[in-house]
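Hi there,

Here is the structure I promised to pass on to you. Have a look at it first, and then read on for what turned up in it.

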Amino acid sequence: MSKKQMKKKKNAGTAKMKQNAGTQPVFLFVLFQIVAFLTVYSMGRGTAYLYMLAPLAVIVFGGWILVYLIHAETAFFLNAALLLTFGTMIQCMLMSEDVIPKTLMMHYIAAAVVGVIAGFLYKRLPIIASARGTMFFLIISVLFYVLTLLLGAAAGDGVTNWLSVGSFTFQPSEFNKGIYVLILAGLLCTKENPGRKRISVALLITLINLGFLGMQGEFGTFLLILCTFLCMVFLFVPDIRVFGGIFAFLAGCCAAVVGLCALFLRVTGGESNIGFLAFGLRQIHKIQNRFIYWLDPTSDAQGGGYQILQARKALLNSNLFGSETTTSLINPTNDMVFPALTERCGLLIALTVCLLFGLLLIRGTRVYFNCTDRYHQAVAAGLTIQLILQAFIIIGGSIGLLPLTGITLPLISRGGSSLMSTFVFLAVILVISSGNLWDGRRDYSDYALKLQKKSSMHSERLSALRHRFGRRPSVDDAGESGES
């Protein structure tokens, strides 16, 4: 056999291996869907899961095609798709009867559409990294917070974090998390070494976010924003002393706020009829009760500690492959979805979900290291950190390791706003993993003007070339001019 034939055979084998590497996960995923359907069918919710297969198949295989076309991180997408499948399983199991889950189907479709749009806009609009883009995001974020405080509606445990526009209800803080990452990336990562002014502005914006979240009583998102800021400073500010100073400052601020709240409670006796004082006391009590019932839920077993005690009961009732018992949980489709999943599907599935979140972190870290642009590195790192931290906080709260918060478990919980923001996060991370993006280190404040100048310059060059080569004299013309 000649060298040419050997090389051709080797290339054919490599192409076949690549094709198998691309198609085998699809077949495995189809097999996994069959197993998931049989599991849900055994629980008496097979019809609901069959209807959910339509949007789930469109999201998974449509997303697979998009990931293949843009050459994005395939393993990251597969991990997210498996988590979404587990979420679909448990949501169908938790339904009161075997009916068509129209609301859940609409949530999936809307989240997928918004995710695709967000990924497309991120790839096509480098102006988001500019000073104007950062200012625009800051204004939108503050506007969301103010509207939530003024017009927001309370849900669940009384946290005022929902806005209604006609029949459409959403949670602005879910979108503010992603906006916050874009703001930090614009401030800290559009230059190789951010100066003191940019770091101070980032710290001020973080304190504004924390202040609004504290006034809303959103302890979970408060923790998420605080941890995201510390991680971003640690990763993207070269001087470690800056991180140490900021950490000490924030720790001092937290200690001062706790001391002032304790003094405020002692002076007022925990009650007040004055409007703004009563509002402040309500928010303090909300956060205080999370720690009280976390440390001793039996102190109010039929009230504030009931949810935590029921979650522990569900975890104790579970076994390796699921239990036939169904513990009564408050809001099992959102806050308490992990104990419900553990009880109904077993410890093996619960550990698999935790493993998939760990793999999602590893793949997100790979995207971070493979990216050569600081801005896109920051966005990928910030969004990945938020997804994993959110999962850690709610799983830790539901099993008793942390104070219980009202945030959702990404891709597993039912929440519409949470699912939509999660799809946006995943879409942007996948777009970043595909590479071939705009340069985030440049200043795009005058991006449109630069494009116009560049287009004008090219037009002038083309005109000059046409004038030079279009009027070149021929040999006959030269001869005639010489004879004359």
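A residue counts as buried here when its relative accessible area is under 20%, as exposed when that value is over 50%, and as partly exposed in between. Please also keep in mind that this is a predicted model.

With that cut-off in hand, let's begin with asparagine 334. This residue sits in the loop that runs between helix 11 and helix 12. Its relative accessibility is 16%, so asparagine 334 counts as buried. Setting aside neighbours within four places in sequence, asparagine 334 is in contact with Thr408, Ser413, Arg414 and Gly415.

The loop between helix 11 (306-317) and helix 12 (337-345) also holds asparagine 331. Asparagine 331 is partly exposed, with a relative accessible area of 35%. Its backbone deserves a look: phi is positive, at about 55 degrees, although the residue is not a glycine. As a reminder, most residues other than glycine have a negative phi.

Leucine 411 has a positive phi too, near 70 degrees, and is likewise a residue other than glycine. You will find leucine 411 in the loop between helix 14 (374-398) and helix 15 (416-433). Is it buried or exposed? Leucine 411 is buried, with a relative accessible area of 5%.

Now for the overall picture. The protein chain has 17 helices and three strands. Of its 484 residues, 44% are buried. If you take the contacts between residues at least 6 apart in sequence, 70% of them join residues at least 24 apart. The chain exposes about 25600 Å², and carbon and sulfur atoms supply 66% of that area.

What about the inside? The largest nonpolar core has 113 residues. Those with the most contacts inside this core are Tyr122, Phe229, Tyr375, Val379 and Leu409. Leaving out neighbours within four places in sequence, leucine 409 is in contact with Val337, Phe338, Phe357, Ala391, Ile394 and Ile395.

Helix 7 (196-216), helix 8 (219-236), helix 9 (240-268) and helix 10 (275-295) each supply at least two of the lining residues. Which helix gives the most to this lining? That is helix 9, with eight residues. By class, the lining has 19 nonpolar residues, five polar ones and no charged ones.

At 59% relative accessibility, glycine 269 counts as exposed. Glycine 269 and leucine 281 are twelve residues apart along the chain, and their C-alpha atoms are separated by 9.9 Å.

- Serine 141 is placed in helix 5 (residues 131-151). It is buried, with a relative accessible area of 3%. Not counting residues up to four places away in sequence, serine 141 touches Asn176, Ile179 and Asn209.

- Serine 299 lies in the loop between helix 10 and helix 11. It is partly exposed, with a relative accessible area of 47%. With residues up to four places away in sequence left out, serine 299 touches Ile292 and Tyr293.

- Serine 434 has its place in the loop between helix 15 and helix 16 (447-470). At 11% relative accessibility, it counts as buried. Apart from residues up to four places away in sequence, serine 434 touches Ile70, His71, Ala72 and Lys123. Serine 434 and histidine 71 are 363 residues apart along the chain, while their C-alpha atoms are separated by 5.1 Å.

How values were computed
Residues are numbered from 1 along each chain as its sequence is written. This is a predicted model: local features need pLDDT of at least 70, side-chain atom pairs count only at pLDDT 80 or more; totals for chains, interfaces and linings use all residues. Side-chain values use heavy atoms; hydrogens and water are left out. A nonpolar core is a set of buried Ala, Val, Leu, Ile, Met, Phe, Trp, Tyr and Cys residues joined through side-chain atoms within 4.5 Å. Buried means under 20% relative accessible area, exposed over 50%, partly exposed in between (1.4 Å probe, protein chains only). Contact means heavy atoms within 4.5 Å. Helices (H or I, at least four residues) and strands (E, at least two) are DSSP runs, numbered from the N terminus. Accessible areas come from the Shrake-Rupley method with a 1.4 Å probe; for residues, only the protein chains shown count as cover. Ala, Val, Leu, Ile, Met, Phe, Trp, Tyr, Cys and Pro count as nonpolar, Asp, Glu, Lys and Arg as charged, and the others, Gly among them, as polar.
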